[in-house]
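Below is a short briefing on one protein model. Please view the sequence and structure first, then read the points by topic.

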Amino acid sequence: MTGIGQGRNSRIRPSGSAVALSEAYDTALLDLDGVVYAGGQAIPYAVEALGTARAGGMHLAYVTNNALRTPHAVAEHLTELGVPAEAGDVITSAQAVARLIADELPPGSRVLLIGGEGLRVALRERGLVPVESADDDPAAVVQGYGGPELPWGRFAEASYAVARGLPWYASNTDLTIPGARGIGPGNGAAVEVVRIATGAEPKVAGKPLPPMHRETVLRTGAERPLVVGDRLDTDIEGAFNGDVDSLLVFTGVTDLARLLAAVPEHRPTYLAADLRGLLVAQPEVTDGADGAFLCGGWTASVSGGALLVEGVGETLDPMDGARALCAAAWADAGAGACGLDAGKALGRLGLG
């Protein structure tokens, strides 16, 4: 299911596309938190951009590591925000981990549930029986994001069961989750609590690992998918592991400084400020003189251990400068250098 960009082993610079991404790919595999909404509210331009992409024939699927809500609840929320969706359009890490458990345990097995309703429904969908206590004779433990109100005692139940040697599964290990008030602790932080208490390691299903990619493929049937996300270590790495192309948007947890320092598996195929990037072509980054890189009137280079960027023109797009900077930084990393000073360049673009 390879995309049409550079491919997983050649992320040396952002790719270009002569046509809008919504035309180049048949399915957008969209992360939710930090991409479509944050804190329950739609991110600016998301509703309009997704509506236009859908009207043009692009299939929209919503792929989230958040295991708290059911696909039905997520679809209802999206529809209320103005993004029409059905439960079948939503793929969650709860579904991925439930399939992973069902593949390894007999039907009807009891599973100690540490999480929310989304995980409970996913387990039942796979013929598994969620239980609440380590004393309920579970065959395994599964942990997913349960929201900020999840009682501390739930982690104790998980620790008791895992310490007895039961197999332990986690929907995902995202350390943070974006919300209306900022960045909060995610399921990965809760998983760390049990890991510290027991010394055990869970089997993880969510992005960027193969079980989530498998679940997405099975449920969407995408032939030319484009992963759209805001996180390098989940969305973009998941696309890399699945050998598909990706679009990074800067509406969530990743900023340009972090992207410039990205390792190859964290480098997206395309960049955009927000979901409007689906609706436009992507300019090429070309080679300039003396090892510089050019994009949309911007020239980026490395000199004296620092990244530099200069622009010529009256209607310069800072994202084109970001593309050129990524090419310069990634090429320098490939040459064995590291620790480039990007402060002046980020200030020049206003994309710190």
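Strands pair here if DSSP finds at least two bridges between them, and strands (E, at least two residues) and helices (H or I, at least four) are DSSP runs numbered from the N terminus.

The model is predicted: local features need pLDDT of at least 70 and side-chain atom pairs count only at pLDDT 80 or more, while totals for chains, interfaces and linings use all residues. Residues are numbered from 1 along each chain as its sequence is written, and side-chain values use heavy atoms, with hydrogens and water left out.

**Parallel sheet**

- Six strands make an open sheet with parallel pairing, in the order β5-β4-β1-β13-β14-β15.
- Its edge strands, β5 (90–92) and β15 (270–272), each pair on one side only.
- From one strand to the next, the twist averages 25° (axes are lines fitted to C-alpha atoms, for helices over the stretch in contact, and angles between N-to-C directions run from 0 to 180 degrees).
- Helix α8 (residues 210–220) packs on this sheet and touches β1 (27–30), β4 (59–64) and β5, with its direction at about 160° to that of β5; contact means heavy atoms within 4.5 Å.
- Helix α9 (residues 232–242) also packs on the sheet, where it touches β13 (225–229) and β14, and its direction makes about 155° with that of β14.

**Strand pairs within the parallel sheet**

- β1 and β4 are joined in the parallel sense by four bridges, and L30 stands opposite Y62 in β4.
- β4, α3 and β5 form a right-handed β-α-β unit; right-handed means that, with the strands pointing away from the viewer, the path from the first strand over the helix to the second runs clockwise.
- Five of the six residues of β4 are buried (under 20% relative accessible area; exposed is over 50% and partly exposed lies in between, with a 1.4 Å probe and protein chains only).
- β14 (residues 245–249) pairs with β15 in the parallel sense over three bridges, and L247 is opposite Y270 in β15.

**Nonpolar cores**

- The largest nonpolar core has 32 residues, of which Y62, V228 and L275 touch the most other members; such a core is a set of buried Ala, Val, Leu, Ile, Met, Phe, Trp, Tyr and Cys residues joined through side-chain atoms within 4.5 Å.
- Two or more residues of this core come from each of α1 (21–24), β1, α2 (46–55), β4, α3 (71–81), β13, β14 and β15.
- Apart from this core lies another of 28 residues, among them I236, L256, A300 and A328.
- Leaving aside neighbours within four places in sequence, the contacts of V228 include A28, L30, L247 and L275.

**Antiparallel sheet**

- A further open sheet has four strands in the order β16-β17-β18-β19, with antiparallel pairing.
- β16 (286–287) and β19 (306–311) are at the edges with a single partner strand each, so one side of each has no neighbour in the sheet.
- β16 and β17 (residues 293–295) run antiparallel and are joined by two bridges, with T286 opposite L294 in β17.

**P185**

- P185 lies in strand β11 (residues 182–185) and is exposed, with a relative accessible area of 59%.
- Leaving aside neighbours within four places in sequence, P185 is in contact with Y145, L175, T176 and I177.
- P185 and G147 are 38 residues apart in sequence and 9.6 Å apart in space, C-alpha to C-alpha.
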